[in-house]
Amino acid sequence: MACLAFPLWRRPIRVPSLFQDRACEVAPFGKHTERAFFGVFDGHGQHGHIVSQYVATTLPKFVARARDLETAPAAALSAAFVACNSELATGGRVDCTFSGTTAVTVYLDGNQVRFMDTQAAVKIDCMRTVFA
């Protein structure tokens, strides 16, 4: 979790408000009609809308390519979060030094439901360090 402190005698620079939330729905997920992936992403910071859009479009691809998705879905989802975060941090597509997104996702596989959020996996943030 990042925290910025401002001296009491100075006010922070106000960034114009943007709608920074994004969502994704991938159903059916892959070639399986009984699988689906849903996500809600709450961007924050000056480029939060760009970060949340990137994660909304990229995270499902990482989940789809995750090894052990069928045998160890919790570990596979966590690994997908970490891989997405790493690519975002090193990709250089957006300066997100003070921007990022939180994420809440649901992976459905038949009658199995897997919930993953950034507290359980990793904070999706453009910092070089992964925060658990």
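## Helix 2 and its surroundings

Helix 2 comprises 19 residues, 73-91, and spans 26 Å from its first C-alpha to its last, close to the 27 Å expected at 1.5 Å a residue. The model described here is a predicted one. Directly after helix 2 comes Gly92, which has a positive phi near 70 degrees.

The buried residues of this helix are Pro73, Ala76, Leu77, Ala80, Phe81, Cys84, Asn85, Leu88 and Ala89. An α-helix has 3.6 residues a turn, so residues three or four places apart point the same way. The cover over the buried residues of helix 2 includes strand 2 (35-44), helix 1 (48-65), strand 3 (100-109) and strand 4 (112-117).

Leu88 is one of the residues of helix 2. Leu88 counts as buried because its relative accessibility is 6%, under the cut-off of 20%. In sequence, Leu88 is 33 residues from Val55, while the C-alpha to C-alpha distance between them is 8.3 Å.

## Overall organisation

The protein chain contains two helices and four strands. Read from the N terminus, its elements follow the order β-β-α-α-β-β. Of the 132 residues in the protein chain, 36% are buried.

Among contacts between residues at least 6 apart in sequence, 65% join residues at least 24 apart.

The four strands form an open sheet in the order 1-2-3-4, and their pairing is antiparallel. Strand 1 (21-26) and strand 4 are the edge strands, each of which pairs on one side only. From one strand to the next, the twist averages 10 degrees.

Strand 2 and strand 3 are joined in the antiparallel sense by 10 bridges. Within this pairing, Gly39 has Thr105 of strand 3 as its bridge partner, and Phe41 has Ala103 of strand 3. In a regular strand the side chains alternate between the two faces of the sheet. Strand 3 and strand 4 also run antiparallel, with six bridges between them. Val104 is opposite Asp117 of strand 4. The hairpin of strand 3 and strand 4 has two residues between the strands, and Gly110 takes a positive phi near 65 degrees in this hairpin.

## Packing of the helices on the sheet

Strand 2 and strand 3, which pair over 10 bridges, are touched by helix 1 as it packs on the sheet; helix 1 also touches strand 1. The direction of helix 1 makes about 160 degrees with that of strand 2. Helix 2 packs on the sheet as well, touching strand 2, strand 3 and strand 4. Its direction makes about 30 degrees with that of strand 4.

## The nonpolar core

The largest nonpolar core consists of 24 residues, and those with the most contacts inside it are Phe37, Phe41, Val55, Leu59 and Val63. Strand 2, helix 1, helix 2 and strand 3 are the elements that give two or more residues to this core. Helix 1 supplies the largest share, seven residues.

## Cysteines

How many disulfides does a search of the whole structure find? The search finds zero. Cys24 is buried because its relative accessible area is 12%. Cys84, a residue of helix 2, also counts as buried because its relative accessibility is 0%.

## Backbone features in the loops

Most residues other than glycine have a negative phi, and most peptide bonds are trans. Two places in the loops are described against this background. The peptide bond joining Ala27 and Pro28 is cis, with omega about 0 degrees. Pro28 is located in the loop between strand 1 and strand 2.

Which loop holds Asp68? Asp68 belongs to the loop between helix 1 and helix 2. Although Asp68 is not a glycine, its phi is positive, about 65 degrees.

Methods:
Residues numbered from 1 in each chain as written. Predicted model: local features only at pLDDT ≥ 70, side-chain atom pairs only at ≥ 80, totals over all residues. Heavy atoms only, no water. Expected span 1.5 Å × (residues − 1). Buried < 20%, exposed > 50% of the residue type's maximum accessible area, 1.4 Å probe, protein only. Contact = heavy atoms within 4.5 Å. Disulfide = S-S within 2.5 Å. Pairing = 2+ DSSP bridges. Axes fitted to C-alpha atoms, helices over the stretch in contact; angles between N-to-C directions. Core = buried A, V, L, I, M, F, W, Y, C linked by side-chain atoms within 4.5 Å.
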